[in-house]
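Me: I have a chain open and would like to talk it through with you. Could you keep the cut-offs in view as we go?

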Amino acid sequence: MNSEDIKEEKAEGTPEEETSTEEAPAEEAAEVAEESDVTEEAPEAAEEDDELTLLKKENDDIIKELADLKDRYQRLAAEYDNFRKRTQKEKADIYPDAMVAAIKEFLPMADNFERAASAETTDEKYKSGVMMIQNQLADAFKKLGVEIIDPKGEEFDPKFEDAVTQIVDENLGDNVVAEVYQKGYRRGDKVIRPAMVAVANC
């Protein structure tokens, strides 16, 4: 090998060394860029985690608020239902109670007409007039659903009668109403005034 060949080899080898020297900084720059990308991605991930945590907290707060509102609604609905039922019952009770209160005011009148009708008199027109008014009052009571409690000869029932005295009568059974001192009145199962009676053999 002559000197010229050696020179040519040296001349050819020099650019390769320069190329490899130039490639080294480029690789280092790429590594630095990758590290920079990783460093930039880390704060973004942290920000996403913070935002996710905040959204989760907001979601939990909304769920809790909805549960509270649902509970308040259910309580309010129950209270309203109780109020509605109570109001309906009060309305249903007003009419019967008012009816009983009004009828009670007429009972002394009915008692007096009954006494007047049973009194001895020679005035037939007077007695006829009393009987007519008594019958009209009885018809009015009947239209209102009022019934007379007159239990003479029947077994004593404390729901509809008040025993004001007791007697012994061999002709009557035990616990039988022997005498009615004052008739009672009722409307359905509701007693307006119990009958005042004497009970035998009780």
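Me: What percentage of the residues of the protein chain count as buried?
Reply: Of its 202 residues, 16% count as buried, where buried means under 20% relative accessible area with a 1.4 Å probe and protein chains only. This is a predicted model, in which local features need pLDDT of at least 70 and side-chain atom pairs count only at pLDDT 80 or more, while totals for chains, interfaces and linings use all residues. Residues are numbered from 1 along each chain as its sequence is written, and side-chain values use heavy atoms, with hydrogens and water left out.

Me: And how many helices and strands are there?
Reply: The protein chain has 2 helices and 6 strands, taken as DSSP runs (H or I, at least four residues, for helices; E, at least two, for strands) and numbered from the N terminus. Along the sequence they follow the pattern α-α-β-β-β-β-β-β.

Me: Which strands form the open sheet?
Reply: It is built from 3 strands in the order β1-β4-β5 with antiparallel pairing, two strands being paired if DSSP finds at least two bridges between them. Because β1 (146-149) and β5 (190-193) stand at the edges with a single partner strand each, one side of each is left without a neighbour in the sheet.

Me: How many bridges join β4 and β5?
Reply: Strand β4, residues 184-187, pairs with β5 over 3 bridges in the antiparallel sense, and Arg 187 has Lys 190 in β5 as its bridge partner.

Me: Switching topic, what share of the contacts is between residues 24 or more positions apart?
Reply: Such residues account for 62% of the contacts with a separation of 6 or more, a contact meaning heavy atoms within 4.5 Å.

Technical notes. Buried < 20%, exposed > 50% of the residue type's maximum accessible area, 1.4 Å probe, protein only.
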